[in-house]
Amino acid sequence: MKENQRPLEPGIVTDFADRLSYAGYLCLPELLAQQRPLSSPPHHDEMLFIIQHQVAELWIKQLIHELSAAIRFVQRDELDPCFKILSRAKLIQMQLFDQWAVLETLTPSEYLEFRGVLGNASGFQSFQYRKLEFLLGNKNRDAMRVFAHDPVLHSELKATLEAPSLYDEFLLHLARRGFPVPQECMKRDWGEPHHKNDGLVQVIREIYEHPRKHWDAYEMCEKLVDVEEYFQLWRFRHMKTVERIIGFRPGTGGSSGVGFLKQALELTFFPELLAVRTGLSQR
């Protein structure tokens, strides 16, 4: 190597006149044209704000892709492929958690200089985030009202709302294997949130007290706990980031802001998977 410059190897393709290129495969011209600050003159930090949320939406798209695949595997009573999928989901959630640190470099003063251009735009209106929560079981019909203006999105979201969540499908799988899953957990309105069921805790207890006998079900439970834990960590970091940047101001979408985000920390996806730990026998 001379003059601190790496020479191109002879085999490296350089003519892309008639070949698929990196930019073409990834649609980079279109993707990189989607960052359009509204502040005038453009505020330096608005670009960060836009990219932060666009990257989050891309990761959420991947999470929806992964969890939808996991649901299909559980429907076919194939748990093993779910383990890799849910491990990947956890790592994506860690990315979402860590990237809040980038947005936290935005100071309150800087944000207030362009916050007004957002109007009523808010993360609460994220179609993908709502779909992700529905896939995990946090069903809320009222949350769909913000999508009423878009019949296509509303219809897609309604279909997800009214379908069994990943946890619902796991419980149906356990019932097919002969576990005494309570009927009220299997024959219910899927559009309503799952509530903790003491009878189901006993089913999960059998799995946790005999992990070697029910290893795949046990592993699935632990993978689901991973997903819930990292979802809650993401929610908590979101709340703290908002608190740090806007304090206790109302959100742009009309919510109370930090207070509304704190309420989400009380929501659970898989209550029995946490409840079972308290009553396990010490050996």
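Tutor: Leaving aside neighbours within four places in sequence, Lys223 is in contact with Phe83, Leu86 and Ser87.

Student: What makes something a contact here?

Tutor: A contact needs heavy atoms within 4.5 Å, so Lys223 must have heavy atoms that close to heavy atoms of Phe83, Leu86 and Ser87. Keep in mind that this is a predicted model: local features need pLDDT of at least 70, side-chain atom pairs count only at pLDDT 80 or more, and totals for chains, interfaces and linings use all residues. Residues are numbered from 1 along each chain as its sequence is written, and side-chain values use heavy atoms, with hydrogens and water left out.

Student: Why is Lys223 called buried?

Tutor: Burial goes by relative accessible area, worked out with a 1.4 Å probe on protein chains only: buried is under 20%, exposed is over 50%, and partly exposed is in between. Lys223 comes in at 15%, so it counts as buried. Lys223 lies in helix H10.

Student: What makes a stretch a helix or a strand in this protein?

Tutor: Both are DSSP runs, numbered from the N terminus: a helix is H or I over at least four residues, and a strand is E over at least two. By that rule the protein has 12 helices and zero strands. Over all its 283 residues, 42% are buried.

Student: How do you know the span of H4 is close to the expected one?

Tutor: The expected span is 1.5 Å times one less than the number of residues. H4 covers residues 80–103, 24 residues, which gives an expected 34 Å. Its first and last C-alpha atoms are 37 Å apart, so the span is close to expectation.

Student: Which buried residues does H4 have, and what do they pack against?

Tutor: Among them are Phe83, Leu86, Ala89, Gln93, Leu96 and Trp100. The buried residues of H4 pack against helix H3 (46–75), helix H8 (166–176) and helix H10 (215–246). An α-helix has 3.6 residues a turn, so residues three or four places apart point the same way.

Student: Why is the pair Glu66 and Arg88 called a salt bridge?

Tutor: The rule asks for a side-chain nitrogen of Lys or Arg within 4 Å of a carboxyl oxygen of Asp or Glu. The closest N and O atoms of Glu66 and Arg88 are 3.0 Å apart, so the pair passes. Glu66 lies in helix H3 and Arg88 in helix H4, so the bridge ties together parts that are 22 residues apart in sequence. Glu66 is buried at 4%, whereas Arg88 is partly exposed at 39%.

Student: What makes Lys90 and Asp226 count too?

Tutor: Their closest N and O atoms are 3.9 Å apart, so they still meet the salt-bridge rule. Lys90 is in H4 and Asp226 in H10, so this pair ties together parts 136 residues apart in sequence. With 23% relative accessibility, Lys90 counts as partly exposed.

Student: Where do Arg244 and Glu104 lie?

Tutor: Arg244 and Glu104 form a salt bridge at 3.9 Å, N to O. Arg244 sits in helix H10 and Glu104 in the loop between H4 and helix H5 (108–112), 140 residues apart. Arg244 has 53% relative accessibility and is called exposed, while Glu104 has 14% and is called buried. The structure holds 20 salt bridges, and one network of them links Arg141, Lys158, Glu162, Asp189 and Glu192.

Student: What makes a space a cavity?

Tutor: On a 1 Å grid over the protein atoms alone, a cavity is a set of points where a 1.4 Å probe fits but cannot get out, and its lining residues have an atom within 4 Å of a point. The structure holds one cavity of 30 Å³ or more. The largest cavity has about 60 Å³ of space, a volume being the space filled by probe spheres set on the points, which are joined across faces, edges and corners.

Student: Which residues line the largest cavity?

Tutor: The lining is Ile60, Leu63, Gln93, Leu96, Tyr129, Leu132, Tyr230, Phe231 and Trp234. H3, H4, helix H6 (127–136) and H10 each give two or more residues to it, and H10 gives the most, with three.

Student: How do the lining residues divide into nonpolar, polar and charged?

Tutor: Ala, Val, Leu, Ile, Met, Phe, Trp, Tyr, Cys and Pro count as nonpolar, Asp, Glu, Lys and Arg as charged, and the others, Gly among them, as polar. The lining has eight nonpolar residues, one polar and no charged.

Notes
On a 1 Å grid over the protein atoms alone, a cavity is a set of points where a 1.4 Å probe fits but cannot get out, and a pocket is an open set with protein on both sides within 12 Å along at least five of seven lines; lining residues have an atom within 4 Å of a point.
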